[in-house]
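Subject: Structure handover

Hello,

Please find the structure below. My notes on it follow.

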Amino acid sequence: MSVDQVGEAESNKGEALATTAAATAALRYYPVAPGVRLNVRRGPGTQYGIVRVLPEGAQVPIFCQTPGTTVTGPYGTSDIWDNIDDGEFVSDAYVLTGSDGYVASRCG
C-alpha cells in the first residue's frame, strides 16, 4: 500500500468513526420500569427464547420497533416490541418511552 493509499484509508476510517460516534450520540436510552428484571428475547414475542435478563435499573436503546405478542406491563398493554440489540427484543410495555405508540422506526 502506498503512502497515499494509507492516508486515504486512515481518512475513510476517521469519517466512519465520526459517523458512528454521531449516530451513537443521537441514540436515546429509555429506562426499564423500576424494580423489574426484564427478559430479553430472540424475537418480538413471548414465544421466543430468552437471551438474557436485564438487571433492575437498566436503560435500553431502541434501534427499531415491531409488532408482536401483546403484553401487559407497568406501562400498559402493548403489542410493540423494542429492538435493543442485534436479535434482541423487549416488550415496550416495560420501557418508559413517554408514548403509547412507536418512538422509533419500524424494524425492516
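Does Val60 count as buried or exposed, and at what relative accessibility? Val60 counts as buried because its relative accessibility is 2%; buried means under 20% relative accessible area, exposed over 50%, and partly exposed in between, with a 1.4 Å probe and protein chains only.

Before the rest, some conventions. This is a predicted model, in which local features need pLDDT of at least 70 and side-chain atom pairs count only at pLDDT 80 or more, while totals for chains, interfaces and linings use all residues. Residues are numbered from 1 along each chain as its sequence is written, and side-chain values use heavy atoms, with hydrogens and water left out.

Overall content

The protein has 1 helix and 7 strands, in the order α-β-β-β-β-β-β-β along the sequence. Helices (H or I, at least four residues) and strands (E, at least two) are DSSP runs, numbered from the N terminus. Of its 108 residues, 31% count as buried. Taking contacts (heavy atoms within 4.5 Å) between residues at least 6 apart in sequence, 47% join residues at least 24 apart.

Around Val60

Val60 sits in strand β4, residues 59–61. Leaving aside residues up to four places away in sequence, Val60 touches Arg28, Tyr29, Tyr30, Val32, Leu54, Ile84 and Val95.

Disulfide

The structure holds 1 disulfide, defined as a pair of cysteine sulfur atoms within 2.5 Å. Cys64 is joined to Cys107, S to S 2.0 Å. Cys64 belongs to strand β5 (residues 64–73) and Cys107 to the segment after β7, so the link ties together parts 43 residues apart in sequence. The link is right-handed, with 95° about the S-S bond. Cys64 is buried at 12% relative accessible area, whereas Cys107 is partly exposed at 24%.

Salt bridge

The count is 1 salt bridge, meaning a side-chain nitrogen of Lys or Arg within 4 Å of a carboxyl oxygen of Asp or Glu. The pair is Glu88 and Arg52, at 2.7 Å, N to O. Glu88 is in strand β7 (residues 88–91) and Arg52 in strand β3 (residues 50–54), 36 residues apart. Glu88 counts as buried at 11% relative accessibility; Arg52, at 36%, counts as partly exposed.

Regards
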